[in-house]
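Please go through the model below with this briefing at hand.

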Amino acid sequence: MHLTALPSRRRMLLAAAVAAATALATSGPTAAAPPAGGNSDSQNRQQQYAAAAAEYGVPQGVLLGVSYLESRWDTHPGQPSTSGGYGPMHLTDAAQVASTPSSSHVDENEDPRGDESRPLSLDPAIAAQPSGDALPQASLQTLDAAADLTGESKETLRTDADANIRGGAALLASYQRELGGPVGAGSDPAAWYGAVARYSGADTEDAAAAFADEVYDQLGQGASRTTDDGQRVTLAATTVKPDESGLHKLGLRRAERPDGLECPVRLACEWIPAPYAKLSADPGDYGNYDVGNRPAQQKIEYIIIHDTEGYFGPSVDLVKRADYLGWHYTLRSVDGYIAQHIKAKNVGWHAGNWYVNAKSIGIEHEGFAGHGTWYTEAMYRTSAKLVRHLALSFQIPLDRQHILGHDNVPGITAANVAGMHWDPGPYWDWSHYFDLMKAPFKGTGTPHTGLVTIDPDYATNQPAFTGCNRQPPGVPNPLPPIQPCPLRGSSSVILRTGPSPTAPLVNDLGLQPNGQPNTMYISDHGARASAGQTYALADRQGDWTAIWYLGQKAWFHNPASAPTAKWANGFVVTPKPGKTTIPVYGRAYPEQVAYPSTIPYQAISPLQYTFPAGQRYAVGGVLPSEYYRAVSFDGSAPGDRTIVRGKMQYVQIQFGHRVMYVNLDDVQIQPAAVGAPR
């Protein structure tokens with residue numbers, strides 16, 4: 001639609017806003033000019049925000065700040081978030097989302113406990129049971145109200161960025177009027193706190209306040225970025241001391257926040273406990289986590305990032321069942337609200353690997369790894385604050401060797417590799433997530449220092465994945481046929497057997513035991529490396545870089561003009577002289593003689609991969625060999641609730657998409673620059 005086709009009043013408002021928007025976009029040290037080649041329909045996205053603010057009487061900074069916290073101004077055209085929100089203003093259509101069956105992240109091929117001494121078999125029917133509305137808050141049906149206020153159709157509001165921004169402005173103005181606050185583009189932004197809090201869609205006062213606080217913090221910081229459709233938008237930094245009196249007029253529930261809640265003070269967090277209960281007279285039949293004494297008894301090494309593969313309400317209902325599995329936290333998409341279920345001292349059943357479970361905290365995020373929805377900025381932010389808080393509390397390094405996706409956790413044995421989960425998937429924005437944790441991925445070396453950290457530009461890195469149409473809950477498998485996924489930003493780079501876009505993908509023997517190349521199917525991560533992961537450099541040729549990956553050279557496109565990785569310093573391991581190949585493990589268990597007679601030996605079982613001489617893999621840390629014995633409800637089993645520690649030590653390495661372990665006695669550790677390709 002061209003400017004001349006706009007209604008006359010909107011043309012006048014848009015023209016009047018152009019000068020102010022342009023001045024805003026070009027002020028401040030972070031501003032940049034709009035991209036060339038834009039059309040009159042999109043105009044300058046900055047102008048669209050200015051026009052909507054003028055039309056509905058919303059301070060432009062408030063409108064930009066709210067939109068930034070919802071979507072970072074991205075459009076995600078026609079694709080809903082996991083809260084059923086559309087467009088840069090995240091207009092929600094909960095009715096449509098709630099009509100889609102919810103699923104769970106449970107897969108009968110993965111034992112979430114990952115302990116052969118006490119296997120856990122879950123009934124898939126439990127996860128399939130309906131458990132209430134997916135999105136019960138009435139405030140999550142804002143698309144209808146926006147349509148009534150603007151006269152736009154719901155389809156247009158979902159897919160057209162300009163209409164969507166107008167819809168968000170109209171909603172904010174309507175909330176402000178209901179609260180009796182001043183309306184007008186020139187009104188004081190401080191007076192809009194209550195309306196901003198209501199816009200969050202939160203159903204508790206602390207969650208609404210946390211959302212509004214983030215918006216006003218962003219106003220103070222300012223922001224400038226290029227959106228997913230190439231539009232440059234800037235929010236000029238403005239210090240605002242908000243008037244919070246409107247918050248209490250919303251009449252929202254005040255969540256209980258008991259002493260001992262392990263969340264940062266400013267975040268909205270509630271204690272919704274997972275049950276620890278016997279399921280029968282058998283002391284080994286209990287759920288849904290294990291009692292521990294961490295970190296006094298065992299160091300917490302990892303934080304594991306999951307997505308729920310379902311909606312928030314049903315997922316929380318499931319973790320409240322003793323006959324299900326337990327994790328430590330669940331985050332809601334619409335507002336970043338946090339529910340804590342298990343104290344950090346106790347061991348959750350979430351990662352499918354008992355060694356990792358015993359040394360980790362599991363965080364579930366409302367969302368889906370690959371069916372077209374997107375993770376909201378509000379959830380990224382609260383998750384980043386939570387993870388940073390936990391990492392500082394338990395001395396966990398903020399890097400991708402310790403902040404792992406579920407898709408980075410290794411299988412415990414060769415037989416378990418194929419059944420391991422792949423969430424949060426290739427659409428999780430790891431680089432932005434670590435930026436929010438104040439631990440950005442940085443280049444620390446040169447092409448000659450021997451390591452490379454994957455870090456593509458998320459927005460423009462759009463691999464041609466397939467099969468997203470088979471991922472939504474309730475869609476039968478193997479029908480419908482596999483279809484291409486919508487092109488969208490991704491943290492993953494694709495790995496090939498040679499320095500060419502037509503070379504076959506590399507092979508992951510755990511997923512393709514026949515030796516055939518892995519695929520671009522959305523859940524097949526066997527030929528991918530993800531942002532923040534650091535690998536040993538194997539070779540370079542033109543615009544292509546090779547890394548050592550699962551026992552082979554794996555090539556990815558890394559042109560100097562648009563790099564997809566950063567050079568890094570660090571250490572690598574190689575097999576000790578005289579060893580032609582060494583085994584690789586999925587857990588770091590002690591040697592047999594370390595076990596007392598009361599505790600059965602847990603076999604040290606190598607995976608199907610091998611680490612040949614001449615190859616190098618990045619070091620993620622040296623770890624003790626440990627096994628946490630926990631097989632009875634009351635700790636009455638011989639040796640229960642104790643740690644078996646051996647003399648063996650392991651080195652964690654970035655061996656493939658997943659981390660793995662090698663025996664320290666099998667390898668030598670050296671600076672990556674020694675023997676690095678030149």
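Strand S22 (residues 571-575) and strand S25 (residues 617-629) run antiparallel and are joined by two bridges. Strands here are DSSP E runs of at least two residues, helices are H or I runs of at least four, and both are numbered from the N terminus; two strands pair if DSSP finds at least two bridges between them. This is a predicted model, in which local features need pLDDT of at least 70 and side-chain atom pairs count only at pLDDT 80 or more, while totals for chains, interfaces and linings use all residues. Residues are numbered from 1 along each chain as its sequence is written, and side-chain values use heavy atoms, with hydrogens and water left out.

**Strands and sheets**

- Strands of a sheet pair through backbone hydrogen bonds, either parallel or antiparallel.
- An open sheet of six strands has the order S5-S11-S10-S13-S9-S14, with mixed pairing. Its edges are strand S5 (269-271) and strand S14 (403-405); each has a single partner strand, so one side of each is left without a neighbour in the sheet.
- From one strand to the next, the twist of this sheet averages 25°.
- Within the order given, strand S10 (residues 329-331) and strand S11 (residues 338-340) are antiparallel and share three bridges. Leucine 331 has isoleucine 338 in S11 as its bridge partner.

**Helix packing**

- Two packed helices are described by the angle between their axes and the distance between the axes. The axes are lines fitted to C-alpha atoms, for helices over the stretch in contact, and angles run from 0 to 180 degrees between N-to-C directions.
- Helix H3 (residues 60-71) packs on helix H10 (residues 205-221) at an angle of about 120°, and the axes are 9 Å apart.
- The H3 and H10 crossing is right-handed. A crossing is right-handed if the near helix is turned clockwise from the far one by less than a right angle, and left-handed if anticlockwise.
- On the H3 side, the contact (heavy atoms within 4.5 Å) is made by Gly61, Val62, Gly65, Val66, Tyr68, Leu69 and Glu70, and on the H10 side by Phe211, Glu214, Val215, Tyr216, Gln218 and Leu219.
- By class, the H3 and H10 contact has eight nonpolar, three polar and two charged residues. Ala, Val, Leu, Ile, Met, Phe, Trp, Tyr, Cys and Pro count as nonpolar, Asp, Glu, Lys and Arg as charged, and the others, Gly among them, as polar.
- Helix H2 (residues 45-56) packs on helix H8 (residues 161-178) at about 30°, with axes 9 Å apart. This crossing of H2 and H8 is right-handed.
- Residues of H2 that meet H8 include Gln48, Ala52 and Glu55, and those of H8 include Ile165, Arg166 and Ala169. The contact of H2 with H8 has eight nonpolar, one polar and five charged residues.

**Glutamate 55**

- Glutamate 55 is part of H2. With 13% relative accessibility, glutamate 55 counts as buried, where buried means under 20% relative accessible area, exposed over 50%, and partly exposed in between (1.4 Å probe, protein chains only).
- The side chain of glutamate 55 makes a polar contact of 2.9 Å with the side chain of arginine 166, and one of 3.5 Å with that of tyrosine 56.
- A polar contact is a pair of N or O atoms within 3.5 Å; within protein, one must be able to donate a hydrogen and the other to accept it, and residues adjacent in sequence count only if both atoms are side-chain atoms.

- Glycine 287 and asparagine 288 are joined by a cis peptide bond with omega about -10°. Asparagine 288 is in the loop between strand S7 (286-287) and strand S8 (289-290).
- A cis peptide bond also joins arginine 294 and proline 295, with omega about 0°. Proline 295 is in the loop between S8 and strand S9 (302-307).
- Glutamate 309 has a phi near 50°, a positive value in a residue other than glycine. Glutamate 309 lies in the loop between S9 and helix H11 (312-319), and at 15% relative accessibility it counts as buried.
- Leucine 550 has a positive phi, near 55°, and lies in the loop between strand S19 (544-549) and strand S20 (552-557).
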